[in-house]
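Biologist: Please take me through this structure feature by feature, giving the general idea of each and then the case at hand.

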Amino acid sequence: MSVAPSSSLRLGDRFARELPELAVPWRGEDAPDPRLLVLNEQLAGDLGLDAAALRDDLGLLLGTTVPSEARPVAQAYAGHQFGGYSPRLGDGRALLLGELSDADGALRDLHLKGSGRTPFARGGDGRAAVGPMLREYVVSEAMHALGVPSTRALAVVATGRAVQRETVLPGAVLARVASSHLRVGSFQYARASGDVDLLRRLADHAIARHHPAAAAAQHPHLALYDAVVAAQAGLVAQWMLIGFVHGVMNTDNMTISGETIDYGPCAFLDAYDPAVVFSSIDEGGRYAYRNQPAAAQWNLARLAEAMLPLLHDDEERAIADAVEVLETFTGRYQEAWAGGVWAKLGLDGPVDRGLVAELLALLESGHADWTSFFRGLAAAARGDAEPVRGRVLDLPAFDDWLARWRERDPDPRAMDRVNPVYVPRNHLVEEALAAATAGDLEPLHELLEAVLRPFEARPGLERYADPAPDDFGRYRTFCGT
Ligand code: AMP
Ligand code: MG
(Lines give C-alpha, C1' and ligand atoms only; values in the text may rest on other atoms or scores of the structure.)
(Ligands and ions follow the chains in the order given, each with its own letter.)
Protein backbone atom coordinates (compact mmCIF):
# COMPACT_ATOMS: atom_id res chain seq x y z
CA MET A 1 0.00 0.00 0.00
CA SER A 2 1.37 3.41 -0.83
CA VAL A 3 1.57 5.88 1.97
CA ALA A 4 0.75 9.57 2.00
CA PRO A 5 4.18 11.08 2.70
CA SER A 6 3.55 14.56 3.99
CA SER A 7 0.06 14.15 5.34
CA SER A 8 -0.62 15.68 8.73
CA LEU A 9 -3.72 13.52 8.90
CA ARG A 10 -3.84 11.16 11.88
CA LEU A 11 -6.08 8.15 11.57
CA GLY A 12 -6.64 6.12 14.72
CA ASP A 13 -7.02 2.35 14.81
CA ARG A 14 -8.98 1.93 18.01
CA PHE A 15 -11.57 -0.42 16.51
CA ALA A 16 -8.92 -2.63 14.91
CA ARG A 17 -6.84 -2.67 18.09
CA GLU A 18 -9.63 -3.37 20.56
CA LEU A 19 -11.63 -5.75 18.38
CA PRO A 20 -9.16 -7.51 16.05
CA GLU A 21 -11.53 -10.49 15.70
CA LEU A 22 -13.93 -8.14 13.88
CA ALA A 23 -11.32 -6.45 11.69
CA VAL A 24 -9.64 -7.82 8.57
CA PRO A 25 -6.76 -5.59 7.39
CA TRP A 26 -7.49 -4.58 3.82
CA ARG A 27 -6.97 -1.85 1.26
CA GLY A 28 -8.93 -0.11 -1.46
CA GLU A 29 -8.50 -1.08 -5.10
CA ASP A 30 -6.88 1.30 -7.52
CA ALA A 31 -9.14 3.37 -9.72
CA PRO A 32 -8.23 3.72 -13.40
CA ASP A 33 -9.34 7.34 -13.74
CA PRO A 34 -10.43 8.89 -10.43
CA ARG A 35 -12.40 12.12 -10.51
CA LEU A 36 -13.82 13.96 -7.52
CA LEU A 37 -17.57 14.48 -7.99
CA VAL A 38 -18.47 16.17 -4.72
CA LEU A 39 -16.63 17.11 -1.55
CA ASN A 40 -18.22 18.24 1.70
CA GLU A 41 -15.82 21.03 2.60
CA GLN A 42 -17.72 22.00 5.71
CA LEU A 43 -17.55 18.48 7.13
CA ALA A 44 -13.90 18.18 6.11
CA GLY A 45 -13.21 21.35 8.06
CA ASP A 46 -15.11 20.10 11.12
CA LEU A 47 -12.90 17.01 11.10
CA GLY A 48 -9.68 18.94 10.71
CA LEU A 49 -9.17 17.60 7.19
CA ASP A 50 -7.47 19.77 4.59
CA ALA A 51 -9.94 20.01 1.69
CA ALA A 52 -7.24 21.08 -0.76
CA ALA A 53 -5.12 18.06 0.15
CA LEU A 54 -8.11 15.74 -0.27
CA ARG A 55 -8.70 17.14 -3.76
CA ASP A 56 -5.04 16.95 -4.61
CA ASP A 57 -4.54 13.29 -3.85
CA LEU A 58 -7.69 11.22 -4.22
CA GLY A 59 -5.85 8.17 -2.84
CA LEU A 60 -7.20 8.70 0.66
CA LEU A 61 -10.79 8.87 -0.59
CA LEU A 62 -10.20 5.63 -2.52
CA GLY A 63 -8.40 3.82 0.30
CA THR A 64 -5.24 3.34 -1.77
CA THR A 65 -3.01 6.00 -0.18
CA VAL A 66 -3.33 6.24 3.57
CA PRO A 67 -1.23 7.74 6.36
CA SER A 68 1.54 5.44 7.51
CA GLU A 69 0.02 4.66 10.91
CA ALA A 70 -3.45 3.90 9.49
CA ARG A 71 -4.72 0.34 9.50
CA PRO A 72 -7.71 0.14 7.15
CA VAL A 73 -9.92 -2.85 7.86
CA ALA A 74 -13.03 -4.54 6.55
CA GLN A 75 -15.39 -5.06 9.48
CA ALA A 76 -17.09 -8.36 10.27
CA TYR A 77 -20.76 -8.48 11.17
CA ALA A 78 -23.74 -10.79 10.86
CA GLY A 79 -27.34 -9.83 10.31
CA HIS A 80 -30.97 -10.67 9.84
CA GLN A 81 -31.93 -9.63 6.32
CA PHE A 82 -35.71 -9.49 5.86
CA GLY A 83 -35.95 -11.81 8.83
CA GLY A 84 -33.46 -14.43 7.61
CA TYR A 85 -30.20 -14.78 9.51
CA SER A 86 -26.80 -14.60 7.77
CA PRO A 87 -23.96 -15.46 10.12
CA ARG A 88 -21.32 -13.72 7.98
CA LEU A 89 -22.03 -10.52 6.10
CA GLY A 90 -19.36 -7.94 6.86
CA ASP A 91 -17.97 -5.16 4.70
CA GLY A 92 -18.05 -6.80 1.30
CA ARG A 93 -17.23 -3.57 -0.50
CA ALA A 94 -16.36 -1.18 2.29
CA LEU A 95 -13.40 -0.23 4.46
CA LEU A 96 -12.96 1.46 7.78
CA LEU A 97 -9.92 3.66 7.13
CA GLY A 98 -9.67 4.64 10.78
CA GLU A 99 -10.93 7.11 13.34
CA LEU A 100 -10.63 10.89 13.37
CA SER A 101 -11.31 13.24 16.26
CA ASP A 102 -13.99 15.84 15.66
CA ALA A 103 -14.02 19.37 17.06
CA ASP A 104 -15.42 18.05 20.38
CA GLY A 105 -12.74 15.39 20.64
CA ALA A 106 -15.18 12.57 19.87
CA LEU A 107 -14.05 9.77 17.56
CA ARG A 108 -15.57 9.60 14.10
CA ASP A 109 -15.07 6.72 11.67
CA LEU A 110 -13.76 7.54 8.22
CA HIS A 111 -15.18 4.81 6.03
CA LEU A 112 -15.39 4.00 2.32
CA LYS A 113 -18.12 2.27 0.37
CA GLY A 114 -17.46 0.84 -3.08
CA SER A 115 -13.71 0.49 -2.50
CA GLY A 116 -13.34 -3.01 -3.93
CA ARG A 117 -13.88 -6.66 -2.98
CA THR A 118 -12.91 -7.80 0.49
CA PRO A 119 -12.89 -11.26 2.08
CA PHE A 120 -16.58 -10.61 2.90
CA ALA A 121 -17.58 -9.94 -0.71
CA ARG A 122 -19.13 -13.36 -1.38
CA GLY A 123 -20.48 -13.10 -4.95
CA GLY A 124 -20.39 -9.30 -5.05
CA ASP A 125 -18.04 -7.22 -7.18
CA GLY A 126 -17.05 -4.95 -4.29
CA ARG A 127 -18.06 -1.89 -6.25
CA ALA A 128 -20.68 0.80 -6.22
CA ALA A 129 -22.17 3.01 -8.90
CA VAL A 130 -22.17 6.79 -9.11
CA GLY A 131 -25.96 7.14 -8.74
CA PRO A 132 -26.43 5.23 -5.48
CA MET A 133 -23.35 6.79 -3.87
CA LEU A 134 -24.58 10.27 -4.74
CA ARG A 135 -28.01 9.27 -3.43
CA GLU A 136 -26.42 8.41 -0.08
CA TYR A 137 -24.53 11.70 -0.18
CA VAL A 138 -27.67 13.78 -0.78
CA VAL A 139 -30.02 11.93 1.53
CA SER A 140 -27.64 11.51 4.46
CA GLU A 141 -26.66 15.18 4.35
CA ALA A 142 -30.32 16.18 4.05
CA MET A 143 -31.14 14.02 7.09
CA HIS A 144 -28.39 15.71 9.06
CA ALA A 145 -29.69 19.14 8.03
CA LEU A 146 -33.17 18.05 9.12
CA GLY A 147 -31.79 17.30 12.57
CA VAL A 148 -32.04 13.51 12.25
CA PRO A 149 -29.02 11.57 13.56
CA SER A 150 -27.25 10.15 10.55
CA THR A 151 -23.96 9.05 9.13
CA ARG A 152 -22.47 11.89 7.07
CA ALA A 153 -21.08 12.05 3.56
CA LEU A 154 -17.62 13.48 3.00
CA ALA A 155 -17.08 12.88 -0.72
CA VAL A 156 -17.93 10.86 -3.78
CA VAL A 157 -15.13 9.97 -6.20
CA ALA A 158 -15.91 8.48 -9.61
CA THR A 159 -13.47 5.67 -10.30
CA GLY A 160 -13.51 5.74 -14.09
CA ARG A 161 -14.38 2.05 -14.02
CA ALA A 162 -17.57 0.60 -15.47
CA VAL A 163 -19.75 -1.34 -13.05
CA GLN A 164 -22.13 -4.03 -14.23
CA ARG A 165 -25.63 -3.80 -12.76
CA GLU A 166 -28.86 -4.19 -14.78
CA THR A 167 -26.98 -1.95 -17.15
CA VAL A 168 -23.36 -0.81 -17.23
CA LEU A 169 -22.91 2.16 -14.91
CA PRO A 170 -20.01 4.42 -13.94
CA GLY A 171 -18.37 3.33 -10.69
CA ALA A 172 -17.78 5.45 -7.58
CA VAL A 173 -16.57 5.37 -4.00
CA LEU A 174 -18.38 7.18 -1.19
CA ALA A 175 -16.38 8.44 1.78
CA ARG A 176 -18.63 8.42 4.80
CA VAL A 177 -18.24 9.58 8.37
CA ALA A 178 -20.05 8.04 11.33
CA SER A 179 -19.75 8.14 15.08
CA SER A 180 -19.04 4.45 14.51
CA HIS A 181 -20.10 1.58 12.29
CA LEU A 182 -21.08 -0.71 15.16
CA ARG A 183 -24.33 -2.41 14.27
CA VAL A 184 -26.78 -4.79 15.87
CA GLY A 185 -25.18 -7.26 13.46
CA SER A 186 -21.75 -6.65 15.04
CA PHE A 187 -23.12 -7.98 18.32
CA GLN A 188 -24.79 -10.90 16.56
CA TYR A 189 -21.45 -11.82 14.99
CA ALA A 190 -19.60 -11.57 18.30
CA ARG A 191 -22.24 -13.64 20.06
CA ALA A 192 -22.21 -16.32 17.35
CA SER A 193 -18.42 -16.60 17.69
CA GLY A 194 -19.00 -18.06 21.16
CA ASP A 195 -16.29 -15.78 22.55
CA VAL A 196 -17.87 -13.97 25.51
CA ASP A 197 -14.70 -11.96 26.06
CA LEU A 198 -15.05 -10.54 22.53
CA LEU A 199 -18.70 -9.75 23.17
CA ARG A 200 -17.75 -7.95 26.39
CA ARG A 201 -14.99 -5.94 24.68
CA LEU A 202 -17.45 -4.99 21.94
CA ALA A 203 -20.00 -3.80 24.50
CA ASP A 204 -17.35 -1.85 26.41
CA HIS A 205 -16.12 -0.27 23.18
CA ALA A 206 -19.72 0.74 22.37
CA ILE A 207 -20.20 2.22 25.85
CA ALA A 208 -17.01 4.24 25.61
CA ARG A 209 -17.84 5.62 22.18
CA HIS A 210 -21.59 6.12 22.32
CA HIS A 211 -23.21 5.74 25.66
CA PRO A 212 -20.56 6.67 28.23
CA ALA A 213 -23.14 7.27 30.97
CA ALA A 214 -23.79 3.51 30.96
CA ALA A 215 -20.30 2.94 32.37
CA ALA A 216 -21.37 4.44 35.68
CA ALA A 217 -24.57 2.40 35.92
CA GLN A 218 -24.92 -0.44 38.38
CA HIS A 219 -25.17 -2.77 35.41
CA PRO A 220 -23.29 -1.15 32.51
CA HIS A 221 -24.23 -3.68 29.81
CA LEU A 222 -27.91 -3.55 30.64
CA ALA A 223 -27.60 0.25 30.68
CA LEU A 224 -25.98 0.06 27.23
CA TYR A 225 -28.91 -1.97 25.96
CA ASP A 226 -31.31 0.52 27.49
CA ALA A 227 -29.45 3.42 25.84
CA VAL A 228 -29.62 1.76 22.41
CA VAL A 229 -33.35 1.10 22.83
CA ALA A 230 -33.86 4.76 23.76
CA ALA A 231 -31.73 6.03 20.86
CA GLN A 232 -33.51 3.88 18.31
CA ALA A 233 -36.99 4.74 19.62
CA GLY A 234 -36.16 8.42 19.23
CA LEU A 235 -34.56 7.93 15.83
CA VAL A 236 -37.46 6.03 14.29
CA ALA A 237 -39.91 8.62 15.68
CA GLN A 238 -37.93 11.28 13.80
CA TRP A 239 -38.08 9.23 10.60
CA MET A 240 -41.84 8.94 10.91
CA LEU A 241 -42.24 12.66 11.55
CA ILE A 242 -40.34 13.70 8.42
CA GLY A 243 -41.85 10.91 6.32
CA PHE A 244 -38.66 8.91 5.81
CA VAL A 245 -38.86 5.28 4.73
CA HIS A 246 -35.53 3.51 5.26
CA GLY A 247 -36.47 0.52 3.16
CA VAL A 248 -33.94 -2.03 4.40
CA MET A 249 -34.03 -2.12 8.19
CA ASN A 250 -32.00 -5.30 8.49
CA THR A 251 -30.07 -5.79 11.73
CA ASP A 252 -26.81 -5.11 9.89
CA ASN A 253 -28.22 -1.71 8.93
CA MET A 254 -29.11 -0.60 12.47
CA THR A 255 -26.46 1.23 14.45
CA ILE A 256 -25.63 1.07 18.13
CA SER A 257 -25.03 4.84 18.11
CA GLY A 258 -28.58 5.65 17.00
CA GLU A 259 -27.50 7.16 13.69
CA THR A 260 -29.37 6.36 10.49
CA ILE A 261 -27.14 4.25 8.24
CA ASP A 262 -27.20 2.76 4.72
CA TYR A 263 -29.24 4.77 2.30
CA GLY A 264 -29.99 2.09 -0.27
CA PRO A 265 -33.66 1.89 -1.21
CA CYS A 266 -34.78 4.73 1.06
CA ALA A 267 -37.40 7.27 0.00
CA PHE A 268 -39.58 10.06 1.36
CA LEU A 269 -43.34 9.99 1.64
CA ASP A 270 -45.09 12.18 -0.84
CA ALA A 271 -48.82 11.39 -0.64
CA TYR A 272 -49.48 10.23 2.91
CA ASP A 273 -50.04 6.49 2.90
CA PRO A 274 -49.05 4.58 6.03
CA ALA A 275 -48.73 1.33 4.08
CA VAL A 276 -46.33 2.72 1.50
CA VAL A 277 -43.35 0.59 0.44
CA PHE A 278 -40.86 1.91 -2.10
CA SER A 279 -38.28 -0.86 -2.30
CA SER A 280 -38.81 -3.36 -5.09
CA ILE A 281 -37.28 -6.18 -3.05
CA ASP A 282 -39.54 -5.62 -0.02
CA GLU A 283 -42.32 -7.73 -1.46
CA GLY A 284 -44.06 -8.42 1.84
CA GLY A 285 -43.97 -4.80 2.95
CA ARG A 286 -41.89 -5.75 6.00
CA TYR A 287 -40.32 -2.29 6.08
CA ALA A 288 -43.37 -0.26 5.03
CA TYR A 289 -43.59 3.26 6.50
CA ARG A 290 -45.95 2.27 9.31
CA ASN A 291 -44.03 -0.91 10.15
CA GLN A 292 -40.77 0.89 10.96
CA PRO A 293 -41.26 1.15 14.73
CA ALA A 294 -42.14 -2.55 14.95
CA ALA A 295 -39.19 -3.46 12.73
CA ALA A 296 -36.85 -1.48 14.97
CA GLN A 297 -38.20 -3.20 18.06
CA TRP A 298 -37.77 -6.59 16.39
CA ASN A 299 -34.14 -5.74 15.65
CA LEU A 300 -33.64 -4.65 19.25
CA ALA A 301 -34.92 -8.05 20.38
CA ARG A 302 -32.15 -9.60 18.27
CA LEU A 303 -29.66 -7.27 19.97
CA ALA A 304 -30.91 -8.47 23.35
CA GLU A 305 -30.43 -12.09 22.31
CA ALA A 306 -26.89 -11.31 21.25
CA MET A 307 -26.13 -9.54 24.54
CA LEU A 308 -27.70 -12.13 26.87
CA PRO A 309 -24.41 -13.60 28.19
CA LEU A 310 -23.46 -10.10 29.36
CA LEU A 311 -26.72 -9.36 31.09
CA HIS A 312 -26.79 -12.07 33.73
CA ASP A 313 -25.15 -15.44 34.46
CA ASP A 314 -28.60 -16.92 34.84
CA GLU A 315 -30.15 -16.91 31.37
CA GLU A 316 -33.71 -16.69 32.69
CA ARG A 317 -32.80 -13.54 34.60
CA ALA A 318 -30.95 -12.15 31.59
CA ILE A 319 -34.02 -12.63 29.43
CA ALA A 320 -36.32 -11.07 32.02
CA ASP A 321 -34.07 -8.02 32.34
CA ALA A 322 -33.80 -7.58 28.58
CA VAL A 323 -37.54 -7.96 28.04
CA GLU A 324 -38.23 -5.35 30.67
CA VAL A 325 -36.05 -2.86 28.79
CA LEU A 326 -37.31 -3.88 25.35
CA GLU A 327 -40.87 -3.27 26.50
CA THR A 328 -40.03 0.38 27.13
CA PHE A 329 -39.55 0.84 23.38
CA THR A 330 -43.23 1.42 22.60
CA GLY A 331 -43.75 4.06 25.27
CA ARG A 332 -40.53 5.84 24.39
CA TYR A 333 -41.35 5.78 20.71
CA GLN A 334 -44.89 7.04 21.28
CA GLU A 335 -43.72 9.81 23.55
CA ALA A 336 -41.14 11.01 21.02
CA TRP A 337 -43.61 10.74 18.17
CA ALA A 338 -46.43 12.51 20.02
CA GLY A 339 -44.14 15.35 21.10
CA GLY A 340 -42.98 15.68 17.51
CA VAL A 341 -46.52 15.80 16.15
CA TRP A 342 -47.49 18.51 18.65
CA ALA A 343 -44.50 20.50 17.46
CA LYS A 344 -45.49 19.97 13.82
CA LEU A 345 -48.92 21.33 14.72
CA GLY A 346 -47.39 24.32 16.49
CA LEU A 347 -48.82 23.31 19.87
CA ASP A 348 -46.70 22.97 22.94
CA GLY A 349 -48.84 20.85 25.19
CA PRO A 350 -50.46 17.45 24.93
CA VAL A 351 -52.86 17.25 22.03
CA ASP A 352 -55.99 15.17 22.16
CA ARG A 353 -55.17 11.93 20.35
CA GLY A 354 -58.43 12.17 18.47
CA LEU A 355 -57.39 15.46 16.89
CA VAL A 356 -54.18 13.92 15.56
CA ALA A 357 -55.88 10.72 14.39
CA GLU A 358 -58.56 12.70 12.55
CA LEU A 359 -55.95 14.75 10.76
CA LEU A 360 -54.01 11.67 9.68
CA ALA A 361 -57.22 10.09 8.36
CA LEU A 362 -57.95 13.24 6.35
CA LEU A 363 -54.41 13.28 4.94
CA GLU A 364 -54.64 9.63 4.00
CA SER A 365 -58.04 9.83 2.31
CA GLY A 366 -56.97 13.01 0.49
CA HIS A 367 -53.57 11.58 -0.57
CA ALA A 368 -52.16 14.79 0.83
CA ASP A 369 -48.47 15.47 0.30
CA TRP A 370 -46.90 15.00 3.75
CA THR A 371 -44.14 17.60 3.65
CA SER A 372 -45.97 20.46 1.93
CA PHE A 373 -49.13 19.89 3.95
CA PHE A 374 -47.38 20.46 7.28
CA ARG A 375 -45.33 23.35 5.97
CA GLY A 376 -48.50 24.89 4.54
CA LEU A 377 -50.32 24.48 7.83
CA ALA A 378 -48.25 27.34 9.26
CA ALA A 379 -49.90 29.63 6.69
CA ALA A 380 -53.24 28.44 8.03
CA ALA A 381 -52.10 29.39 11.53
CA ARG A 382 -51.29 32.83 10.11
CA GLY A 383 -54.78 33.11 8.61
CA ASP A 384 -54.51 31.67 5.09
CA ALA A 385 -55.89 28.15 5.03
CA GLU A 386 -56.35 27.94 1.26
CA PRO A 387 -53.03 26.19 0.47
CA VAL A 388 -53.73 23.32 2.88
CA ARG A 389 -57.44 23.18 2.02
CA GLY A 390 -56.32 22.49 -1.53
CA ARG A 391 -54.49 19.36 -0.34
CA VAL A 392 -57.38 17.48 1.26
CA LEU A 393 -60.65 16.17 -0.15
CA ASP A 394 -63.19 16.20 2.66
CA LEU A 395 -63.41 19.96 3.15
CA PRO A 396 -66.28 20.11 5.66
CA ALA A 397 -64.47 17.68 7.95
CA PHE A 398 -61.17 19.49 7.45
CA ASP A 399 -62.68 22.93 8.16
CA ASP A 400 -64.11 21.54 11.35
CA TRP A 401 -60.68 20.16 12.25
CA LEU A 402 -59.01 23.50 11.45
CA ALA A 403 -61.40 25.36 13.73
CA ARG A 404 -60.65 23.08 16.67
CA TRP A 405 -56.90 23.24 16.01
CA ARG A 406 -56.93 27.06 15.80
CA GLU A 407 -58.65 27.24 19.18
CA ARG A 408 -55.38 25.90 20.59
CA ASP A 409 -53.54 28.96 19.24
CA PRO A 410 -50.82 27.29 17.13
CA ASP A 411 -47.50 29.11 16.78
CA PRO A 412 -46.56 29.35 13.07
CA ARG A 413 -42.96 30.38 13.73
CA ALA A 414 -42.38 27.30 15.84
CA MET A 415 -43.98 25.22 13.08
CA ASP A 416 -41.56 26.61 10.50
CA ARG A 417 -38.66 25.41 12.62
CA VAL A 418 -39.78 21.76 12.52
CA ASN A 419 -41.71 21.38 9.25
CA PRO A 420 -39.22 21.42 6.37
CA VAL A 421 -39.86 23.15 3.06
CA TYR A 422 -37.38 20.94 1.25
CA VAL A 423 -36.76 17.24 1.60
CA PRO A 424 -34.94 15.15 -1.04
CA ARG A 425 -38.09 14.30 -2.93
CA ASN A 426 -37.93 11.09 -4.90
CA HIS A 427 -38.47 12.62 -8.34
CA LEU A 428 -35.84 15.31 -7.70
CA VAL A 429 -33.28 12.80 -6.43
CA GLU A 430 -33.86 10.63 -9.50
CA GLU A 431 -33.51 13.64 -11.80
CA ALA A 432 -30.25 14.75 -10.15
CA LEU A 433 -28.76 11.24 -10.16
CA ALA A 434 -29.66 10.60 -13.78
CA ALA A 435 -28.03 13.87 -14.80
CA ALA A 436 -24.93 13.17 -12.69
CA THR A 437 -24.61 9.66 -14.12
CA ALA A 438 -24.64 11.26 -17.58
CA GLY A 439 -21.96 13.74 -16.49
CA ASP A 440 -23.97 16.83 -15.50
CA LEU A 441 -23.56 17.69 -11.81
CA GLU A 442 -25.56 20.93 -11.92
CA PRO A 443 -28.95 19.47 -10.85
CA LEU A 444 -27.22 17.67 -7.96
CA HIS A 445 -25.72 20.90 -6.66
CA GLU A 446 -29.04 22.70 -6.96
CA LEU A 447 -30.81 19.94 -5.07
CA LEU A 448 -28.14 20.07 -2.37
CA GLU A 449 -28.60 23.80 -2.07
CA ALA A 450 -32.28 23.27 -1.30
CA VAL A 451 -32.06 20.32 1.08
CA LEU A 452 -29.04 21.48 3.08
CA ARG A 453 -31.11 24.39 4.45
CA PRO A 454 -34.43 22.59 4.65
CA PHE A 455 -36.38 24.96 6.89
CA GLU A 456 -35.59 28.17 4.98
CA ALA A 457 -37.92 28.89 2.06
CA ARG A 458 -35.93 30.61 -0.67
CA PRO A 459 -37.06 32.20 -3.95
CA GLY A 460 -36.02 30.32 -7.07
CA LEU A 461 -36.24 26.94 -5.33
CA GLU A 462 -40.03 26.53 -5.60
CA ARG A 463 -39.88 23.34 -7.63
CA TYR A 464 -37.90 21.70 -4.81
CA ALA A 465 -40.81 22.35 -2.46
CA ASP A 466 -43.53 21.03 -4.77
CA PRO A 467 -44.88 17.49 -4.73
CA ALA A 468 -44.01 15.16 -7.58
CA PRO A 469 -45.87 15.80 -10.82
CA ASP A 470 -48.79 13.41 -11.37
CA ASP A 471 -46.99 11.61 -14.17
CA PHE A 472 -44.12 10.58 -11.86
CA GLY A 473 -46.28 7.62 -10.88
CA ARG A 474 -45.58 5.10 -8.19
CA TYR A 475 -41.97 5.35 -7.06
CA ARG A 476 -39.83 2.19 -6.87
CA THR A 477 -36.34 1.94 -5.48
CA PHE A 478 -33.94 -0.85 -6.27
CA CYS A 479 -31.39 -2.52 -4.09
CA GLY A 480 -28.90 -3.10 -6.90
CA THR A 481 -26.64 -0.43 -5.47
P1 AMP B 1 -26.51 -3.68 2.24
O2 AMP B 1 -27.83 -4.26 1.93
O3 AMP B 1 -26.04 -2.64 1.24
O4 AMP B 1 -26.45 -3.14 3.64
O5 AMP B 1 -25.43 -4.83 2.11
C6 AMP B 1 -25.61 -6.09 2.70
C7 AMP B 1 -24.35 -6.91 2.57
O8 AMP B 1 -24.01 -7.14 1.21
C9 AMP B 1 -23.12 -6.31 3.19
O10 AMP B 1 -22.38 -7.36 3.74
C11 AMP B 1 -22.41 -5.69 2.02
O12 AMP B 1 -21.03 -5.53 2.24
C13 AMP B 1 -22.69 -6.68 0.92
N14 AMP B 1 -22.65 -6.10 -0.42
C15 AMP B 1 -23.59 -5.31 -1.01
N16 AMP B 1 -23.22 -4.98 -2.27
C17 AMP B 1 -22.02 -5.57 -2.50
C18 AMP B 1 -21.11 -5.63 -3.61
N19 AMP B 1 -21.37 -5.00 -4.77
N20 AMP B 1 -19.98 -6.34 -3.46
C21 AMP B 1 -19.70 -6.99 -2.32
N22 AMP B 1 -20.51 -6.99 -1.25
C23 AMP B 1 -21.66 -6.29 -1.33
MG1 MG C 1 -25.55 -2.36 5.02
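**Reading the contacts, the core and the interface**

Modeller: A polar contact of 2.8 Å links the side chain of D369 to that of R425; the term denotes a pair of N or O atoms within 3.5 Å, where within protein one must be able to donate a hydrogen and the other to accept it, and residues adjacent in sequence count only if both atoms are side-chain atoms. This is a predicted model, so local features need pLDDT of at least 70, side-chain atom pairs count only at pLDDT 80 or more, and totals for chains, interfaces and linings use all residues, while side-chain values use heavy atoms, with hydrogens and water left out. Residues are numbered from 1 along each chain as its sequence is written, and chains are lettered from A and ligands numbered from 1 in the order in which they are written.

Biologist: Is D369 buried or exposed, and with which residues is it in contact, leaving aside its neighbours within four places in sequence?

Modeller: Burial is read from relative accessible area (buried under 20%, exposed over 50%, partly exposed in between, with a 1.4 Å probe and protein chains only). At 5%, D369 is buried, and its place is the loop between α12 (353–365) and α13 (370–382), where helices (H or I, at least four residues) and strands (E, at least two) are DSSP runs numbered from the N terminus. Its side chain also makes a polar contact of 2.6 Å with that of S372. Beyond four places in sequence, D369 is in contact (heavy atoms within 4.5 Å) with D270, A271, R391, R425 and P467.

Biologist: Which residues of the largest nonpolar core touch the most other members?

Modeller: In soluble globular proteins, nonpolar side chains tend to be buried together. A nonpolar core is accordingly a set of buried Ala, Val, Leu, Ile, Met, Phe, Trp, Tyr and Cys residues joined through side-chain atoms within 4.5 Å. The largest one here has 100 residues, of which F187, Y225, L345, L363, L377 and W401 touch the most other members. Helix α8 (residues 220–242) gives the most to this core, namely 14 residues. Because domain 1 (5–178) and domain 2 (182–421 + 465–481) both give residues to this core, it lies between them; the domain bounds come from an automatic or database domain assignment. A second, separate core has 30 residues, including V38 and L433.

Biologist: How many salt bridges does the rule find across the interface of domain 1 and domain 2?

Modeller: The rule, a side-chain nitrogen of Lys or Arg within 4 Å of a carboxyl oxygen of Asp or Glu, finds five of them across this interface. Between the two domains, 16 residue pairs are in polar contact, both residues being at pLDDT 80 or more. On the side of domain 1 that touches domain 2, the elements giving two or more residues include α1 (14–18), β6 (79–81) and α5 (130–145), and α5 provides the largest share, seven residues.

Biologist: What area do domain 1 and domain 2 bury between them?

Modeller: Buried area is the accessible area (1.4 Å probe) that two parts lose on being put together, summed over both. Here the two domains bury about 3,600 Å², 58% of it on carbon and sulfur atoms. H80, F82 and R135 supply 19% of the area that domain 1 buries against domain 2, more than any other three residues.
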